[in-house]
Amino acid sequence: MSTVNLTAEDSVNLQPVDMDLTCNASPSSQQTELPGGAEQQTMSVYLRVRSLSREELSDGEDQGCVVIENNQTVTLKAPKGSATMKSSEKGIGMALHKFSFSQIFGQEMTQSELFENTVKSQMSDFLDGKNALIFSYGVTNAGKTYTIQGTPKEPGILPRVLDATFHYIRGRLHEGMDLKPYLRNGAQHLDPDQVQQEKSAKAAIFASVKDDCDPLRANGCLESLSSPSTRFSSSPLSYDQTVLASDPTEAGSSQFALWVAFFEIYNECVYDLLQPPLCSKSKRRAALRVCDDGAGNAYVKDLSWLNIQTLGEAFKLLQFGNKNRSAAATKMNQSSSRSHSIFTMKLLKIDGSAVERISEFSLCDLAGSERCNKTKTFGERLREAGNINTSLLILGKCITALRNNQTDRMKNSYIPFRESKLTKLFQAVFCGKGRASMIVNINQCASTYDETLHVMKFSAVAKQVMQVIPDKPRESLAPCLVGRDGKPLRNERIDSQALESDLSEEELLDEEDEANMSLLPQNEMVNIIESLRTKLLAERRRNLVQEMEIRKEMGDAMLQQLMESEELRIRQIEEQKESYQEKLENTFEMYKDAIKEHAYQCAMNNLEDDYVPLEEFIAVQEKVEALKRKVSELETLTPSIGRALCAVPTVDQSCQTQPSKETEARAEDRCKRLYKEKCAIEKMCEDKQQLILSLEQRLLDVSETLQKVRDGFLEKSADVEVLQKKCDHQTKSMDDILRQSVEKDREIASLEAELSQKSPVKPKIKRGLLANIKEAVNSPRKGTPGRTLRNTVKTAHN
């Protein structure tokens, strides 16, 4: 197992962070200069908070879980019902967490502002010949794909990077397709046949997406993306002054070629998203292998690299790749990415027929971590979620191991880059061959608070990772140029001046010492060899002691961890035993109560069925006792009669004075009489038995009648209750009506009072008909002269 240590001797010591409280990394990226011109800085980690949708607001997801303090600090508050809140209530952990980032972008931040504040510096490095990596990280349905790709109206980071790149190489584009990226850091010279094959593959892809791109062009989408008036940057001068700053001497001689690749990692298999469509739908896509180029750089074998000349071609390829990307609907996201998609650009700086340098820019849209009990995934979706979570877990392990190695340089732990395809491809960038930054996407939903907190803790660890970036990487000084067969066209020799500038002073002194070693005499050479052997043995002994100490420490730590886990397991088992015992006791008590209730109910039913009034039972019992007495008397008389019958012949024989016929007749008469009495008694018993049966039947009939009367009484009681409720309701309504009528009367009285105050007219006194006629005759009305004269004439005639 190999270890990777990215810090130099005088690197800044990072203090460990208590992830349950806060992330105490500095708000801005710490950047220091190392000997040799190398740069050391912390990884830039940005946070973007997605706004809540209408459905989420209606579901009550807005509980103030995420509070942005300023542009670099955010606070997370655990909502009720979350696992974090439950743990904090038990005294485990805290309900409030604070984190700091390089910069935080709230809901009002636009795509252009995000590009200006996050990608601008890495875009400048990419155009200057350095490698760059940007990856989005977060839970599912947090807005990662929107951040990377955006929409036609609001383009994301990837379209803006393409636009900025074409703006930079405008007028200096290498029109030929004879120089193509090879392996990880090399270039391949193509012959005319290979160039024609590249053009054919490119034309086949464009032909398959021609119909889909026409509506976009009709809507003016591509024209708006490529027009200078609607450029993604906030101002056209930003490209010329900051992002696209370059050497003025490059404009006259150098040309640039831009090659792109688009692939995904789905279920830990790499698939090419720019592969031409298959003839048969039943054919499955071919999985690609991740190989090593011999220099420790991982690359995807047989991956399609396409040369693009315009921004429209770039968007066609992007649309074609998105159509082939794996996506599915879950409960939390209708269009959930089921794979990690990686869009890689390689910019070749060409001077004549030679490639001066190659720079790489990768934008990775990671699939969101998810919990299957919330997304309700099963079958194939469950398998995809497992692979996604596994790869993200390994990424977190690598970031944590890098941070731990830089914090404590005496304990260099193994970094599991090769346990996942994702981390294996990005190993070179994390080890100093490029600059990486991360955009963390979160939502404000209360239901996903625990997953969001896990993402924030991971970002806090990533914020402390130091990146050591050389000033001039060797790969960028002399890329390997190979021919059609893959063999180098020239010997790969590094310029001596560049090599000397890249080597440190100690290495140059060591070379001078090695050059002067041949001039020493043999005795001194032997002494030097002996001293070196002694040093070597001492170093081996020291390494052995250190290894033993490390093994012992690791063994003690592992033993302690095992003991703690065993104690925790025993505690959990005891708690489960107690809970199960309590559940069993509750179940037993419940069954016990149920059995008691059932026995009581059965006893009551039997009592109702066998119930007989006490007076009837006593009377029947007395009759039975009387009958028993009579039967016992008859039984006592029967033996005496038998003895008498047996004694008659004896007397006759002994005395022989009375005739036998008379005695036999008397005995026969007596037996007949007794037999008749016996039959009468038996008949009386049968009659009494029938009487008892009839009484029992009457008791049953009376019980049934009582049950019916009781049921009828209950029904009538229910009807009475309903009528009582109706009566109460009507009484209430009548009270309301009376109250309203009283109020109306008061209003009428008040209105009459107001009218009497406004117009004081005396009310007319009611009189009878004769009084009115008399008044009319005695005081005639005032009218016209004609009417008065007529009344006067009538009076005179009278």
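Reader: Are Phe262 and Phe343 buried or exposed?
Author: This is a predicted model, in which local features need pLDDT of at least 70 and side-chain atom pairs count only at pLDDT 80 or more, while totals for chains, interfaces and linings use all residues. Residues are numbered from 1 along each chain as its sequence is written, and side-chain values use heavy atoms, with hydrogens and water left out. Buried means under 20% relative accessible area, exposed means over 50%, and partly exposed lies in between, for a 1.4 Å probe and protein chains only. By that rule, Phe262 and Phe343 are both buried.

Reader: How many residues apart in sequence are the parts that Tyr137 and Phe458 tie together?
Author: A search of the whole structure finds 8 aromatic pairs, a pair being rings of Phe, Tyr or Trp (its six-membered ring) with centres within 6.5 Å, called stacked if the planes are under 30 degrees apart, edge-to-face if over 60 and tilted for the rest. The rings of Tyr137 and Phe458 have centres 4.5 Å apart and planes at 40°, so this pair is tilted. Helices (H or I, at least four residues) and strands (E, at least two) are DSSP runs numbered from the N terminus. Since Tyr137 lies in strand β8 (residues 132-138) and Phe458 in helix α17 (residues 449-462), the pair ties together parts whose separation in sequence is 321 residues.

Reader: What is the geometry of the ring pair formed by Phe262 and Phe343?
Author: Tyr137 and Phe458 are both buried. For Phe262 and Phe343, the ring centres are 5.3 Å apart and the planes stand at 70°, so the pair is edge-to-face. Phe262 belongs to strand β11 (residues 255-266) and Phe343 to strand β18 (residues 340-351), so parts 81 residues apart in sequence are tied together by a pair that is edge-to-face.

Reader: Which residue of β5 is the bridge partner of Val66?
Author: Strand β4 and strand β5 (residues 73-77) run antiparallel and are joined by 3 bridges. Among the bridge partners, the one that Val66 has in β5 is Leu76.

Reader: Which residue takes a positive phi in the hairpin of β9 and β10?
Author: Strand β9 (residues 179-182) pairs with strand β10 (residues 186-189) in the antiparallel sense over 4 bridges, and Tyr182 has Gly186 as its bridge partner. The hairpin has 3 residues between the strands, and the residue with a positive phi near 55° is Leu183.

Reader: How many of the 12 residues of helix α6 are buried?
Author: The expected span of a helix is 1.5 Å times one less than its number of residues. Helix α6 (residues 157-168) should therefore span 16 Å, which agrees with the 16 Å between its end C-alpha atoms. Its buried residues include Arg160, Asp163 and Tyr168, and the number of buried residues in α6 is 12.

Reader: How many disulfides does a search of the whole structure find?
Author: A disulfide is counted as a pair of cysteine sulfur atoms within 2.5 Å. Cys364 is buried, with a relative accessible area of 0%, whereas Cys602 is partly exposed, at 31%. For disulfides, the search of the whole structure gives 0.

Note on methods:
Pairing = 2+ DSSP bridges.
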